[in-house]
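The points are grouped by topic and may be followed alongside the sequence and the model.

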Amino acid sequence: MSALDSLYQELILDHSKRPIGKGALDASESAITASHHEFNPSCGDEIDLSIAVDPASGEIEALAWEGQGCSISMASASILSQLVRDERLTIEGAHERIAAFREMIQARGETEPDEELLGDAVALQGVSKFVMRVKCAMLGWVALEADLKQVAAERA
Ligand code: ZN
C-alpha cells in the first residue's frame, strides 16, 4: 500500500468514527428546508439527509444527517458534510461538487479527480475500483441531490 493510500484510509476511518454533520438540523426561520431518505439495498446503508437553504442567496446554511451503514457510506456522508460546511456551498456549487464526485467514483480509477472541487472526498477515489461499493460512497451525495431538487422546486 502506498503512503497516500494509507493516509486516505486513515481519513476515511476517522470520518466513520467521528462523523461530521450527524445530528439534528439547525435551520433559521426563513430557510427552505428539505429532507430525503436514501437506501442502498446492496449493502444495507441508509441515510436521512436534511438541508436548510437561504432562499435569497441559495446558500446551504445547514446540513445534517442520521444514518447507519458501512464505514465507506458513513465516511463519505461525513466528508460531504464537511465540504458543504467549509465551502459554504450554494445550490449550484453543490451540484457541481456532486457531479465531480460522481465522475470520480464511476471512473474506475481512470481519471484524476479535481481536488480543488472535492477536497477530502478525493480520499474515496479508491472506491471507484470496486463496483459494489460505488453506491455506498454515493449514498449521502444522492440524498443531497434529491434535497437540492426539492429546494429548487420550492424556490421557483
Ligand atoms: Zn455500504
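R88 has its place in the loop between α2 and α3 (91-106). The model described here is a predicted one. The briefing begins with the backbone at this loop and then turns to the sheet, the zinc site and the helices.

- The phi of R88 is near 45 degrees, which is a positive value in a residue other than glycine.
- Most residues other than glycine have a negative phi.
- R88 is exposed, since its relative accessible area is 55% and the cut-off for an exposed residue is over 50%.
- Just after α3, R108 also takes a positive phi, of about 50 degrees.

**The sheet**

- An open sheet is formed by 3 strands in the order β1-β2-β3, and the pairing is antiparallel.
- β1 (32-40) and β3 (60-68) stand at the edges with a single partner strand each, so one side of each has no neighbour in the sheet.
- On average, neighbouring strands of this sheet are turned by 15 degrees against each other, direction ignored.
- Strands of a sheet pair through backbone hydrogen bonds, either parallel or antiparallel.
- β1 and β2 run antiparallel and are joined by 9 bridges.
- Within this pair of strands, A34 stands opposite I51 in β2, and the bridge partner of H37 in β2 is D48.
- β2 (residues 45-53) and β3 also run antiparallel, and 8 bridges join them.
- β2 is mostly covered, as 7 of its 9 residues are buried.

**The hairpins**

- The hairpin of β1 and β2 has 4 residues between the strands, and G44 takes a positive phi near 90 degrees in this hairpin.
- The hairpin of β2 and β3 has 6 residues between the strands, and in this one G58 takes a positive phi near 75 degrees.

**The zinc site**

- Which residues supply the protein donors of the zinc ion? They are C43 (SG), D45 (OD), D45 (OD), C70 (SG) and C136 (SG), which lie 2.2 to 2.7 Å from the ion.
- Along the chain, the donors of the zinc ion follow the spacing C-x1-D-x24-C-x65-C.
- C43 lies in the loop between β1 and β2, and C70 lies in the loop between β3 and α2; the pair therefore ties together parts that are 27 residues apart in sequence.
- Is C70 buried or exposed? With a relative accessibility of 14%, C70 counts as buried, because the cut-off for a buried residue is under 20%.
- C43 is partly exposed, with a relative accessible area of 36%.

- H15 has its place in helix α1 (residues 3-17).
- H15 is buried, with a relative accessible area of 6%.
- Leaving aside its neighbours within four places in sequence, H15 is in contact with I20, A75, S78, I79, Q82 and D120.
- H15 and I72 are 57 residues apart in sequence, and their C-alpha atoms are 9.2 Å apart in space.

- α3 has 16 residues and reaches 22 Å from its first C-alpha to its last, which is close to the 22 Å expected at 1.5 Å a residue.
- Which residues of α3 are buried? They are I91, G93, A94, R97, I98, A100, F101, M104 and I105.
- What covers the buried residues of α3 includes β2, β3, α2, α4 (115-118) and α5.
- Helix α5 (residues 134-155) has 22 residues, which should span 32 Å at 1.5 Å a residue.
- α5 bends by about 40 degrees at G140.

Methods:
Residues numbered from 1 in each chain as written. Predicted model: local features only at pLDDT ≥ 70, side-chain atom pairs only at ≥ 80, totals over all residues. Heavy atoms only, no water. Pairing = 2+ DSSP bridges. Helix = DSSP H or I, 4+ residues; strand = E, 2+ residues; numbered from the N terminus. Axes fitted to C-alpha atoms, helices over the stretch in contact; angles between N-to-C directions. Donors = N, O, S within 2.8 Å, 3.2 Å for Na, K, Ca; no water. Buried < 20%, exposed > 50% of the residue type's maximum accessible area, 1.4 Å probe, protein only. Expected span 1.5 Å × (residues − 1). Bend = angle between axes of the 7 residues up to and from the residue. Contact = heavy atoms within 4.5 Å.
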